[in-house]
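Here's a quick briefing to read alongside the model. Keep the structure open while you go through it.

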Amino acid sequence: MPKSKTVAVVLGLAMLTACSAEKQAAAPVDVAAVEEAAHGSYVAAINSNDAEKLKSVLTDDVVYQAPGAPEMIGKAAVGEWVAGYFAAYQAKWEKTSHGFTVSGDWAFERYTYKSIDTDRKTGAVTTDVGKGINIYHKDPDGHWRVAVDGWSSDKPAS
């Protein structure tokens, strides 16, 4: 092959490689949109007081670390706990995100919360405030789901 054709082929391959690398580079992430999709749908699901709706925003291997309870692993275990919680209380949670980070298919969030639980039998209202950390995963279907939620009350242990 003449030298000029070899140079042209090498330059052509270099340009194709550069274009391919640009396509492979991650597109800029709209963190606010991911936060709204992940955090927003999770809080809405909690406040629906519907265990099935809440389970729909959890990964299959979700981990819950609730105060005063052993760690729960898996959608079935968390779903059972959530169903009991919603059966006993009308729940209203306010969760405020304080730092939301996206890294590929994972997102991490530090949050504070205020929960208002109304006992379904007695009408007694219990309010709590605290903090937590959520880890979200973007599943192959494109939805952000909770992989880990660990929280603790700011109230002193009794």
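The largest pocket of this predicted model holds about 460 Å³ of space. A pocket here is worked out on a 1 Å grid over the protein atoms alone, as an open set of points where a 1.4 Å probe fits, with protein on both sides within 12 Å along at least five of seven lines; lining residues have an atom within 4 Å of a point. Grid points are joined across faces, edges and corners, and the volume is the space filled by probe spheres set on the points.

**Around the pocket**

- Of the 24 lining residues, Trp81, Tyr85, Trp93, Asp117 and Trp151 are the closest to the pocket's centre.
- Elements giving two or more residues to the lining are helix H2 (31–47), helix H4 (75–88) and the strands E3 (89–103), E4, E5 (125–138) and E6 (144–153). Helices (H or I, at least four residues) and strands (E, at least two) are DSSP runs, numbered from the N terminus.
- H4 supplies the largest share of the lining, 4 residues.
- By type, the lining splits into 15 nonpolar, 4 polar and 5 charged residues. Ala, Val, Leu, Ile, Met, Phe, Trp, Tyr, Cys and Pro count as nonpolar, Asp, Glu, Lys and Arg as charged, and the others, Gly among them, as polar.

- Average pLDDT (the predictor's confidence in each residue, from 0 to 100) is 88 for the protein, and 84% of the residues score at least 70.
- Residues 3–23 have a pLDDT below 50, and beyond near neighbours in sequence this stretch has 2 contacts in the model. Contact means heavy atoms within 4.5 Å.
- Where pLDDT is low, the predicted coordinates should not be read in detail.
- Residues are numbered from 1 along each chain as its sequence is written, and side-chain values use heavy atoms, with hydrogens and water left out. As this is a predicted model, local features need pLDDT of at least 70 and side-chain atom pairs count only at pLDDT 80 or more, while totals for chains, interfaces and linings use all residues.

**Salt bridges**

- There are 6 salt bridges in the structure, each a side-chain nitrogen of Lys or Arg within 4 Å of a carboxyl oxygen of Asp or Glu.
- Asp154 pairs with Lys131 in a salt bridge, with 2.9 Å between the closest N and O atoms. Asp154 sits in the segment after E6 and Lys131 in strand E5, so this pair ties together parts 23 residues apart in sequence.
- Asp154 is partly exposed at 48% relative accessible area, and Lys131 is partly exposed at 36%. The cut-offs are under 20% for buried, over 50% for exposed and in between for partly exposed (1.4 Å probe, protein chains only).
- Asp139, Asp141 and Arg145 are linked in a network of salt bridges. Arg145 reaches Asp139 at 3.1 Å between the closest N and O atoms, and Asp141 at 3.0 Å, N to O.
- Arg145 is buried at 14%, and Asp139 is buried too, whereas Asp141 is partly exposed at 46%.

**Two residues on E4**

- Trp106 lies in strand E4 (residues 106–119) and is partly exposed at 37%. Its C-alpha is 4.7 Å from that of His137, 31 residues away along the chain.
- Leaving aside neighbours within four places in sequence, Trp106 has contacts that include Ile135, Tyr136 and Trp144.
- Arg110, also in strand E4, is partly exposed at 49%.
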